[in-house]
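The sequence and the structure are shown first.

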Amino acid sequence: MGVALRVLDDGAWVSVNDERRVSVSELWRVAGAGDGRVCACDCADFVVEGFTDAGADGRTVTADVYGQCIRCGETASVAGLPVGRVVDGTFRPLAADAVRSPRGGSAGRATLAGSR
Ligand SMILES: [Zn+2]
């Protein structure tokens with residue numbers, strides 16, 4: 001993909017091509033089904049407290065995160081949540097209200113397919 005992905009500032013930021021693009025303290029909607037299940041909620045309201053790794057799944061940029069669901073209070077680490085994608089070498093963050101699925105699950109793929 002030719003994109004440099006890094007976690008900076010003790011997990012506070014995901015850097016894409018040396019620019020800080022995704023920060024903690026955001027509220028993400030995370031689908032509850034599957035292996036990467038955050039908590040008992042169908043859709044977690046997940047506050048990101050830190051990033052532990054960043055990676056890519058095709059053109060989708062993903063991050064391993066930890067944080068807390070503010071619906072039920074459960075804390076969790078979630079691997080491979082999509083944070084955006086790379087189009088023509090440019091990072092496009094996911095919409096704030098997008099429902100994210102761990103490991104590039106169904107919601108992430110549908111977003112990608114629909115955008116072609
Ligand atoms: Zn929850």
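A residue is called buried if 20 or more other C-beta atoms lie within 10 Å of its own, exposed if 12 or fewer do, and partly exposed in between, with C-beta atoms placed from the backbone. Serine 23 is exposed because 12 other C-beta atoms lie within 10 Å. The model is a predicted one: local features need pLDDT of at least 70, side-chain atom pairs count only at pLDDT 80 or more, and totals for chains, interfaces and linings use all residues. Residue numbers start from 1 along each chain as its sequence is written.

**Overall composition**

Helices (H or I, at least four residues) and strands (E, at least two) are DSSP runs, numbered from the N terminus. Of its 116 residues, 28% are buried. Two residues are in contact if their C-beta atoms, placed from the backbone, lie within 7 Å. Among contacts in the protein chain with a separation of 6 or more, 46% link residues 24 or more positions apart.

Two strands pair if DSSP finds at least two bridges between them. An open sheet of three strands has the order E1-E2-E3 and antiparallel pairing. E1 and E3 are the edges; each has a single partner strand, so one side of each lacks a neighbour in the sheet. From one strand to the next, the twist averages 35°, where axes are lines fitted to C-alpha atoms, for helices over the stretch in contact, and angles run from 0 to 180 degrees between N-to-C directions.

Leucine 5 stands opposite valine 16 in E2. The hairpin of E1 and E2 has four residues between the strands, and aspartate 9 in this hairpin takes a positive phi near 55°. Serine 23 belongs to strand E3 (residues 19-23). Its C-alpha atom is separated by 4.6 Å from that of tryptophan 13, ten residues apart along the chain. Leaving aside residues up to four places away in sequence, serine 23 touches Ala12 and Trp13.

**The six-stranded sheet**

Six strands form an open sheet with mixed pairing, in the order E8-E7-E6-E5-E4-E9. Its edge strands, E8 (90-93) and E9 (99-100), each pair on one side only. Valine 87 has threonine 90 in E8 as its bridge partner.

| Strand pair | Residues given | Bridges |
|---|---|---|
| E1 and E2 | E1 residues 5-8, E2 residues 13-16 | four bridges |
| E7 and E8 | E7 residues 75-87 | four bridges |

**The nonpolar core**

A nonpolar core is a set of buried Ala, Val, Leu, Ile, Met, Phe, Trp, Tyr and Cys residues joined through C-beta atoms within 7 Å. The largest has 21 residues, and Val14, Val30, Phe46, Ala63 and Val83 have the most contacts inside it. At least two residues of this core come from each of E2, E4 (27-31), E5 (43-57), E6 (60-69) and E7. E5 gives the most, with five residues. Phenylalanine 46 touches Trp28, Val30, Val38, Gly67 and Cys69, not counting residues up to four places away in sequence.
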